[in-house]
Amino acid sequence: MKKKSLQEDIVDVCLRRGIIFPSAEIYNGPSGFYEFGPVGESIRQNIIQLWQEAFVNAENNVYEISGSTILPENVFEASGHLESFNDPLTQCEGCKSMFRADHIIEEQVGINVDGKSLAELFDIIKEKNIVCNTCKGVLTMPREFNMMFSTTIGPVSDKTGYLRPETAQNIFLNFRRISHSMRAKLPFGVAQIGKAYRNEISPRNFLIRLREFEQMEIEMFVDPDEINNHTYWDDIKDFEVRILTREAQQKNGKPKKMTLEQGITDKIIHNQYMAYYMFKESLFVQDLGISEDQFWFRHLLENQTAHYSKANYDLEIQFPFGIVECIGLAYRTDYDLIKHAEKSKTNMQINVPGKGNIVPHVIEPSFGLNRLVYAVLLNSYISEGREWTWFKFPKSIAPWEALITPLMKKDGMDETAENLYWDLKDQGIDAIYDNSGNIGKRYARNDEVGVPFCITVDYDTLKDETVTIRDRDTTEQIRVSMDEVGSIIRELILEIITWEEIKEETEVLNENTE
Ligand code: GAP
């Protein structure tokens with residue numbers, strides 16, 4: 001039998017264990033739509049919470065909003081999406097299958113054709129003999145395909161609306177309301193977590209190219225004269241990042257490690273605000289368990305940089321099947337605010353004391369939540385060493401903090417375990433209860449979804465009110481008093497103590513008991 005690839009293994013475990021499912025699966029729904037099941041939703045919420053803590057709560061000038069996902073046509077006329085949010089679509093003359101022209105070229109001959117015109121793409125298709133993936137038929141001249149999903153607003157209306165292709169637009173639309181209501185002074189940021197929709201020609205690679213996905217974005221509004229005067233510059237300037245420079249890309253080179261200060265001095269990093277977000281993004285990605293050597297910032301080439309942006313640095317992660325942009329970072333300047341000001345006849349200026357009214361510039365870090373979830377799944381998956389596969393999720397994003405379970409469903413152990421479960425929930429522990437099957441199977445099931453600790457009520461519990469804690473990563477067990485178990489789990493999750501330290505203080509039971 002053919003061995004499954006890592007990706008196939010992950011998709012399989014996601015389906016079996018309630019992590020992620022295809023949408024409308026029982027009707028064989030369209031590709032590019034996935035849903036989070038109970039385990040996946042818990043992981044998703046935990047990643048969102050980490051993000052909010054780092055990018056909103058830890059700052060004193062970032063406000064979070066939640067906007068509409070359907071917006072009227074004039075928004076996208078102004079933003080430019082209606083005219084230019086297009087992908088090149090080519091069709092097979094024979095079987096009529098549709099392909100994204102740049103992707104099919106890349107797949108069949110491995111060349112990057114970013115920034116090429118439709119006519120140039122067609123020349124390459126003909127020259128390199130690129131044919132239909134399905135029937136080897138001839139491909140048509142590519143045409144522009146707009147990626148926005150459209151709808152009509154109201155029952156008998158000719159008013160067209162679009163599902164937003166990025167969360168950013170609500171923030172620009174609400175700029176005045178937010179700056180006035182929060183009495184905000186530059187610099188300040190507006191954050192939003194929410195759905196975005198793109199009618200991708202060829203959705204693929206599980207969570208990588210979706211038609212409905214989630215973004216976590218910030219628009220940081222800055223006085224352009226202060227773009228190289230970030231408050232925390234002295235604290236972060238020596239932080240090291242790996243950057244795949246434009247020069248290195250042209251020579252097929254590797255990412256180069258440099259301090260943020262060196263990046264600014266050498267004119268590789270455009271400005272201090274972008275450097276600040278490189279620092280924050282790096283820490284965040286490492287909190288998700290992605291190690292330093294697995295990601296870097298790619299400075300997009302001139303022909304890959306959107307017309308409204310002065311510079312872009314994509315945080316790319318090395319996946320087993322290739323390199324994936326997971327976080328965008330763009331210097332959107334005053335482009336969007338000016339476009340909306342012109343179209344809506346709204347004043348998008350803000351007062352800067354001593355200077356007067358200005359339209360601020362925007363730095364935009366844009367996180368793709370689904371791609372990050374996939375990076376976490378791939379990175380945490382372990383298929384060796386045990387009879388079952390398991391996820392070594394960072395403790396803060398595991399779906400639950402602890403499993404509470406009785407050794408057996410008899411002699412009062414199940415009642416005691418259930419009481420302990422409720423007690424731990426009252427203490428704020430994100431616990432789950434399971435008493436089905438035998439204890440070994442329960443441990444395996446919880447490893448499989450990456451729950452870091454299992455607390456077992458056994459016969460000794462009934463005698464001396466102690467329980468065992470099993471550590472997911474080592475499978476070792478210790479015995480602690482029931483009174484203390486909640487605070488110990490809390491300290492282990494918050495990494496106030498390590499498993500090694502707690503082992504020194506307590507009775508270690510047989511290792512690898514299952
Ligand atoms: N507001 C800027 C913006 O939307 P983007 O680079 O198009 O920039 C930002 O998207 C992030 O959203 C990407 O880095 C990626 O993680 C995620 N993303 C974009 N398109 C996606 C898709 N079709 N499926 C899943 N994630 C996607």
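A: In helix α18 of this predicted model, the buried residues are Met482, Val485, Gly486, Ile488, Ile489, Leu492 and Ile493. The helix that carries them runs over residues 482-493, twelve residues in all, and from its first C-alpha to its last it reaches 17 Å, which is close to the 16 Å expected at 1.5 Å a residue. After α18 comes Glu495, a residue whose phi is positive, near 60°.

Another member, Glu465, is placed in the loop between α17 (459-464) and β25 (466-471), and because its relative accessibility is 48%, Glu465 counts as partly exposed.

Met408, Tyr459 and Leu462 form a nonpolar patch, with about 230 Å² of accessible area together. Of these residues, Leu462 is found in helix α17, and with a relative accessible area of 37% Leu462 is partly exposed.

Side chains of opposite charge can pair when their charged atoms come close. This structure holds 34 salt bridges, and a few of them can be followed residue by residue.

One of these salt bridges joins the side chains of Lys503 and Glu476, at 2.9 Å from N to O. Because Lys503 lies in helix α19 (residues 499-505) while Glu476 lies in the loop between β25 and β26 (477-481), the pair ties together parts that are 27 residues apart in sequence. Both partners fall below the 20% cut-off for buried residues: Lys503 has a relative accessibility of 16% and so counts as buried, and Glu476, with a relative accessible area of 9%, is buried as well.

Lys503 has a further partner in Glu500, and the side chains of Lys503 and Glu500 meet in a salt bridge at 3.4 Å, again from N to O. Here both residues lie in helix α19, three residues apart, which is about one turn of the helix. Glu500 has a relative accessibility of 46%, so this residue counts as partly exposed.

A further salt bridge is formed by Lys257 with Glu292, where the closest N and O atoms are 3.5 Å apart. The pair links distant parts of the chain, since Lys257 is in strand β13 (residues 256-259) and Glu292 is in the loop between α12 (272-287) and β14 (295-299), 35 residues apart. Lys257, at 44% relative accessibility, counts as partly exposed, and Glu292, with a relative accessible area of 40%, is partly exposed too. Elsewhere, salt bridges link Lys4, Asp12, Arg16, Arg17 and Glu448 in a network.

Most residues other than glycine have a negative phi, and most peptide bonds are trans. Lys136 is not a glycine, yet its phi is positive, about 65°. This residue is found in the loop between α6 (118-127) and β7 (143-146), and because its relative accessibility is 61%, Lys136 counts as exposed. Phe206, which is not a glycine either, has a positive phi of about 55°, and its place is in the loop between β10 and β11 (212-222). Phe206 has a relative accessible area of 9% and is therefore buried, whereas Lys136 is exposed.

The remaining point about the backbone concerns a peptide bond. Leu186 and Pro187 are joined by a cis peptide bond, with omega at about -5°, and Pro187 has its place in the loop between α8 (175-181) and β10 (188-197).

Notes: Residues are numbered from 1 along each chain as its sequence is written. This is a predicted model: local features need pLDDT of at least 70, side-chain atom pairs count only at pLDDT 80 or more; totals for chains, interfaces and linings use all residues. Side-chain values use heavy atoms; hydrogens and water are left out. Helices (H or I, at least four residues) and strands (E, at least two) are DSSP runs, numbered from the N terminus. The expected span of a helix is 1.5 Å times one less than its number of residues. Buried means under 20% relative accessible area, exposed over 50%, partly exposed in between (1.4 Å probe, protein chains only). A salt bridge is a side-chain nitrogen of Lys or Arg within 4 Å of a carboxyl oxygen of Asp or Glu. Patches are made of residues with over 30% relative accessible area and no salt bridge: like charges are joined within 9 Å, nonpolar side chains (Val, Leu, Ile, Met, Phe, Trp, Tyr) within 5 Å. Accessible areas come from the Shrake-Rupley method with a 1.4 Å probe; for residues, only the protein chains shown count as cover.
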